[in-house]
Amino acid sequence: MTVRNWLIAVMVMMSCLPGCEPASTNPNNPSGNVLKDKPPAAQLTPIEIQLNWKPEAEHGGYYAALVHGYFAEEGLDVKLTPGGPGTPLMESVATNRIPFGVDNADKLLRARAEDAEVVAVFAPIQDSPRCILVHEESGIKQLSDLQTTPGVTLAWNDSQPFAKFLSKKFDLSQLQMTKYSGVGPFLLDKKYAMQAYNISEPFLAKQEGAKPVTLLLSDAGFNTYTSLLLTNPKVISGQPELVRSVLRASLKGWRRYLTDAGETNRHIAGLNPEMPEDVLAFGVTELQALCRPNDLPEDQIGRMEAERWQTLVRQLEEIQLIDANAVQAESAFTTEFLSQ
Amino acid sequence: MTPNAHSWSRAILPPLLLFVVVLVVWEVAITALRVPKFILPSPLAVAQAAWKYGPELRTGLAFTSGAAITGFLASFVIGTLIAIAFSQSSLIRSSCYPYAIFLQTVPIMAIAPLIILWFGTGFHSVVLVAFIISLFPIITNVTSGLLAVDPDLIDLFRLNNASRWQVLWKLRLPNSVPAMCIGAKTSSGLAVVGSIVGEFFAGYSEKWYGLGYLIPAWKEGLKQDRLFAAILASTLLGLAIFTLVNVISASVLSRWYHVPNDES
């Protein structure tokens, strides 16, 4: 038959196809196939949470909530999307392209200063793991010693807020500064200092026989809430129950991660070859003090204080990373979803 | 208007007008659609940022252009020498050419951090990255220019008892000049890209930093207006170097192509 007739025949056949399927109004199960057991995932709401880096111990509680089914219990099919350098996390959450994100307080405030409306609802890591790592042999015992010890090379990403804070607080002009490039160079030079997270690099250094000393930024007064659960005003006002659900599951996840991290760490190690299980296990032991400083009760994990936020705003203004009065501390976070 | 001025205005005016139209549409779209500044800044905001951060952009531009030009000149000289070696020995050519191709295909974002690790941070490593990425077009173009000589001319030289060196210097090299220019145009643009990528990983000192240092730093702070200004500066740098190479090529080639005319 002619091409035209053939095309008409095909179109007629295709228009009959929808009638072959039983109609279903369930968007999670459009084929409406009732003959086999619906897998649980078909009934859960898909939700994406954007992480600020590749999966690591600092995301442990969220992964625990995933692995142990706490998100599923809340009716949520959560996807934890790993991030990396250059991931547009704040932009994605502010425009509601992704409803939730995980990032740190200083990054949040810098985003808010650029009119990105991102709000923190949960702060599982109360004290920042950010530190400067030095060798015991260098004799440096606290951050101020960096000013007076000769011959020190400091490897860090100097545009980071903590770096600008330290540069302002201490006179680091005689230090040889270089770009952070991992533990390798650290191991070769006893006078080498580098930026680190106290939940990972010290373990890696010790494994290679070094004697690292961690100098916490929080001891110098710069303490950012870490691995905050972030969302935007649209989700907070339009879907408060969703926020409550995600937060409830995350809290359970963090409580589980701090006490029983084995299965979660196996999962994380599988996702991120750079983080073997022994490093993650070390991270969990260090996280106890960071997540629950001063014996914070388990059910208060994630709490936030206005004073901490106000201090951070002031510090960022002082190091000129945000303009004065560009950010109101009170609007950067909300405690309405925390149980206390 | 003189013919020259007329042809210049025909070349410059249309793209300039288009540029102005695009700027106006961009500015209007930002305002009308209320695009937040951390997604896309308005042209005015970019212009203001370029003004306010002029000193930083100038420092960055100086460092990056220095690294790009140095890397490009190195790749031009060394690439030509390698191409000469390739043209003189088929053994060298067949054994080494595949590795030259490797230079073309290796992803620079993977190589740059390795170079920084092995050679340290600083200007020399950025130049090395720019050099590596811009080497291949020179090698490949100059090699083919040196080899693609009319065989009759080679016979002519041989008949006159020309030495290998005379064939190279008086026949092959002049023959390769047009190909050299083509290679140089490609390499110059790649050298700028290589410098900026190298600077992503290479770091800085307090006084010296390149555009490739400013771009990630501003991106991280969501400072899109400054980021766009830096990207614009990088583009203009690439354009400037490309234009310079083009102008030099055109003057060299016009001199070259005049020779047959003078003889007739």
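Over which residues of chain A does pLDDT stay under 50?

1. That run is residues 21-39 of chain A, for which the model has 14 contacts beyond four places in sequence; here pLDDT is the predictor's confidence in each residue, from 0 to 100, and two residues are in contact if their C-beta atoms, placed from the backbone, lie within 7 Å. Where pLDDT is low, the predicted coordinates should not be read in detail. For chain A as a whole, the mean pLDDT is 89, and 90% of the residues reach 70 or more.

2. A word on conventions: this is a predicted model, in which local features need pLDDT of at least 70 and side-chain atom pairs count only at pLDDT 80 or more, while totals for chains, interfaces and linings use all residues. Residues are numbered from 1 along each chain as its sequence is written, and chains are lettered from A and ligands numbered from 1 in the order in which they are written.

3. Chain B has 10 helices and zero strands, where helices (H or I, at least four residues) and strands (E, at least two) are DSSP runs numbered from the N terminus. Of the contacts in chain B with a separation of 6 or more, 77% are between residues 24 or more positions apart.

4. Helix α6 of chain B (residues 123-147) deserves a separate look. Its 25 residues reach 36 Å from first C-alpha to last, close to the 36 Å expected at 1.5 Å a residue, the expected span being 1.5 Å times one less than the number of residues. In α6(B), 21 of the 25 residues are buried.

5. In chain A, six bridges join strand β1 (residues 45-50) to the parallel strand β2 (residues 76-81), with Gln50(A) partnered by Thr81(A). Two bridges join β1(A) to strand β3 (residues 100-103), also in parallel, and Ile49(A) stands opposite Phe100(A) in β3(A). Strands pair if DSSP finds at least two bridges between them.

6. Between the chains, 15 residues of chain B are in contact with 15 residues of chain A. On the chain B side, α9(B) gives the most, with three residues.

Terms used: A residue is buried if 20 or more other C-beta atoms lie within 10 Å of its own, exposed if 12 or fewer, and partly exposed in between; C-beta atoms are placed from the backbone.
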